[in-house]
Each structure stands twice: as C-alpha cells, then as structure tokens.
Amino acid sequence: SYSDILIEREVLMQKYIHLVQIVETEKIAANQLRHQLEDQDTEIERLKSEIIALNKTKERMRPYQGNQEDEDPDIKKIKKVQSFMRGWLCRRKWKTIVQDYICSPHAESMRKRNQIVFNMVEAESEYVHQLYVLVNCFLRPLRMAASSKKPPISHDDVSSIFLNSETIMFLHEIFHQGLKARIANWPTLILADLFDILLPMLNIYQEFVRNHQYSLQVLANCKQNRDFDKLLKQYEANPACEGRMLETFLTYPMFQIPRYIITLHELLAHTPHEHVERKSLEFAKSKLEELSRVMHDEVSDTENIRKNLAIERTIVEGCDILLDTSQTFIRQGSLIQVPSVERGKLSKVRLGSLSLKKEGERQCFLFTKHFLICTRSSGGKLHLLKTGGVLSLIECTLIEETDAS
C-alpha cells in the first residue's frame with residue numbers, strides 16, 4: 001500500500017509538472033497577444049492620421065474639379081468616345097473569358113452534373129407516381145375489400161403482399177419535395193443534406209426486400225381465388241396502371257437503392273475533389289452500398305431457404321437436414337451409380353446398396369454440408385436411398401480411381 005501511494009504521488013507530480021508547463025506556455029502566448037494588440041492599436045492610429053490627411057487633400061482638390069465643368073466641348077466629346085471604347089473593350093474581354101469557360105472541361109463537367117441532377121429529379125417523380133398507383137389503386141382498395149361482408153382476401157394477406165409500401169411512398173414524397181425545393185434555388189444546389197435525411201429511414205427497405213419473394217408467393221396463392229382474381233383484374237384495368245400488373249409495381253422498390261448508388265457514382269464522377277458536397281456524397285454512397293450488400297445477402301439467404309424447402313417437398317419421405325438454415329444448395333443433376341465389381345476393394349466409397357448388379361440413374365442434390373441421392377419412381381416422385389441416401393460431406397472421403405478399367 002505504501003508503494004501504491006508512492007506511485008500515485010509520482011503520477012500526481014507528473015500531472016502537476018505538466019500543468020505548470022501548460023500555464024507557462026499560456027502566459028507566453030498571452031504576452032504575445034498583448035504585444036500584437038499594442039502593435040495593432042499603433043497601426044490603427046497611423047491609419048487614422050493617413051485618412052485625415054487624405055480627406056484634407058480631397059478638400060483642396062474640390063475647387064479644381066469644379067473648374068473642370070467649364071471644359072472645352074471637344075474635350076468632352078473625346079472623353080465620351082474614350083468611355084465608349086473602354087466599355088466596348090471591357091465587354092469584349094469579358095465575353096472572351098465567358099466563352100473560354102463555356103468550352104473548358106470544368107464547365108462541361110458541371111453541365112453533365114446538372115443533367116444528372118435533373119434526371120434524378122425526373123426519375124424520383126416517376127418513382128413517387130409508381131408508389132402512388134401501388135398504394136391508391138391496389139393497397140387501399142384491397143384493404144376495403146378485406147373488410148367487406150364476403151372478403152376475397154384477408155387483412156393478413158394484404159399486409160403480407162404490400163408490407164410497408166405505404167410508408168415507403170410517404171418517405172419518397174418528402175424526399176421528392178426536398179429535391180424540388182433545391183431545384184427552385186437554382187443555380188445554388190445542395191443535395192447531400194437530403195441524403196442525410198433519407199439514409200436513416202432506408203432500413204424499411206430491408207423489410208420490403210426481405211419480404212418481396214414471399215409477397216409474390218402470397219399473391220400467387222390469392223390469385224387462385226376466382227373472386228380475388230376478378231377483382232384484381234378490375235384494378236389492373238385502371239388507366240393509371242397503363243396496362244401494368246400488380247407484380248410490376250411490387251418490383252419497383254427493389255431497384256431503387258441500386259439506382260441511387262448509380263446516380264451518386266455519376267455525381268461524384270463530375271464533382272470536383274474540393275467541392276463542398278464531395279465528402280457528404282461519398283458518405284451517402286458508402287452507406288447505400290453497405291445497405292445494398294446487406295439486402296443482397298438477406299435475399300440470398302431467403303432464396304436459399306425457399307429452395308431447400310422446395311427440394312424437401314419433392315422428396316416423399318422428407319429430409320430433416322434441409323431444414324437447417326445454414327445448409328446452402330449448390331447444384332443438382334443426374335448421376336450414374338456403377339455396380340460394385342470388387343466387393344473387397346474400395347467398398348467404403350461405394351454409394352447406396354453394395355449389391356447393385358447393374359448401372360442405375362440417381363437424382364443427386366449437392367449442398368454445402370450434405371449430399372442427397374434419390375431414385376425417381378415411375379410416377380416421377382423422388383425417394384431417398386435407404387442406405388447412403390444422405391451423406392455427410394464432413395465424414396466422407398473422396399478417392400479417385402486411377403485405373404481406367
């Protein structure tokens with residue numbers, strides 16, 4: 001404990017020495033600032049005296065300037081012509097400067113940047129209109145139909161198909177209004193703060209993208225109901241839909257994040273490195289790319305789960321190992337199972353029954369962890385082999401037979 005106190009005392013002493021050094025440094029800096037203030041006061045007094053002297057000189061010159069009004073008319077005409085010539089030369093020089101800038105690479109880059117911004121506003125306007133049609137021509141009418149006496153669709157199915165598409169519409173209406181307000185202040189154009197507002201709200205896209213395939217599947221199941229199919233065709237016949245189906249409108253939000261990434265990439269390509277918005281636009285682009293990667297991974301995982309379940313349903317006996325979410329499908333196809341010629345040799349690598357007398361075709365499915373071997377019956381159904389139908393790849397050893405015979 002005494003040694004601990006000594007160590008603490010040493011630490012405190014070091015801090016004290018450090019603070020003393022800081023105080024000394026601040027004193028020196030204060031003295032320097034005091035000397036600078038005194039020098040500036042002296043300079044101010046000197047400038048005041050110069051201004052007083054100049055004012056006195058101007059007062060002496062005024063009577064002389066009054067006498068110039070009685071100049072010769074020819075002198076006045078010469079001065080007027082000289083004034084016109086100076087103005088013409090100045091305008092000519094300015095026109096040359098402007099023309100050179102218009103033809104410069106910087107001006108060309110700015111024109112392209114402006115065009116990208118205008119295209120972005122038009123694309124956002126079109127996207128908001130698409131969301132408006134989705135919500136007002138499909139979502140809200142279907143909600144009303146689900147509340148009717150004989151509903152052709154349930155509220156749960158409506159929520160599964162459209163999820164948070166109405167929230168996405170409200171979000172982009174706000175973003176579109178912000179874009180139009182920025183364009184109204186042209187040529188001053190600041191876009192980065194709009195993306196700062198948009199970025200925290202884009203997590204709703206993750207839910208929509210994650211649910212997209214499921215929503216299309218629910219919609220396909222609902223279409224099997226004749227009443228719902230008839231009602232949906234009436235909605236799709238609306239002139240605002242322009243002949244497009246509901247599936248088309250549900251797909252539009254899937255491409256919006258990649259479209260923003262492409263637009264920001266093009267904007268940055270024509271934005272100077274010293275531009276005030278450069279860092280903010282780069283940050284927005286990196287955030288959108290990160291979100292796009294996450295959504296792509298989630299879509300891939302969801303698709304993989306659906307693929308595994310689809311294969312599991314085709315197998316009559318079922319297969320529990322396909323219910324593992326980490327099991328990734330790789331490929332499928334037909335393989336020929338050869339008969340066992342030498343029963344004693346390489347018997348461990350033979351697949352299925354070792355008493356196979358002739359070649360047989362097997363339907364095989366390769367996953368990251370397992371290998372499935374199935375036989376197809378005359379009715380087209382798949383059956384797992386009773387022996388060796390499910391092989392764990394971790395426990396397998398692959399041996400290549402170099403003997404051609």
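Author: The model is predicted. A place to start is L202, which is in contact with L171, I257, L288 and L291, leaving aside its neighbours within four places in sequence.

Reader: What makes these residues count as being in contact with L202?

Author: Contact requires heavy atoms within 4.5 Å, and L171, I257, L288 and L291 meet that condition with L202.

Reader: Which residues have the most contacts inside the largest nonpolar core?

Author: They are F138, F162 and L202, in a core of 59 residues. Helix α3, residues 105-146, gives the most to this core, with 15 residues. Another core lies apart from it and has 10 residues, among them I315, F367, L372 and L382.

Reader: Why is α3 called roughly antiparallel to α4?

Author: The two helices pack at an angle of about 165 degrees, with their axes 9 Å apart. Angles over 145 degrees count as roughly antiparallel, so α3 is roughly antiparallel to α4. Their crossing is left-handed.

Reader: Which residues make the contact of α3 and α4?

Author: From α3 come L134, F138, L139, L142, R143 and A146, and from α4 come H155, V158 and F162. By class, this contact of α3 with α4 has seven nonpolar residues, one polar and one charged.

Reader: How do α3 and α8 pack, and what is the handedness of the crossing?

Author: The angle between α3 and α8 (residues 226-236) is about 145 degrees, and their axes are 10 Å apart. The crossing of α3 and α8 is right-handed. In α3, the residues C137, F138, P141, L142 and A145 meet F228, L231, L232, Y235 and E236 of α8. The contact of α3 with α8 divides into nine nonpolar residues, no polar and one charged.

Reader: How do you know whether T263 is buried or exposed?

Author: T263 has a relative accessible area of 13%. Buried means under 20%, so T263 is buried. T263 is placed in helix α10, residues 256-269. Not counting residues up to four places away in sequence, T263 touches I116 and M120.

Note on methods:
Residues numbered from 1 in each chain as written. Predicted model: local features only at pLDDT ≥ 70, side-chain atom pairs only at ≥ 80, totals over all residues. Heavy atoms only, no water. Core = buried A, V, L, I, M, F, W, Y, C linked by side-chain atoms within 4.5 Å. Buried < 20%, exposed > 50% of the residue type's maximum accessible area, 1.4 Å probe, protein only. Helix = DSSP H or I, 4+ residues; strand = E, 2+ residues; numbered from the N terminus. Axes fitted to C-alpha atoms, helices over the stretch in contact; angles between N-to-C directions. Parallel < 35°, antiparallel > 145°, perpendicular 65-115°, else oblique. Left-handed = near helix turned anticlockwise from the far one by under 90°. Nonpolar A, V, L, I, M, F, W, Y, C, P; charged D, E, K, R; others polar.
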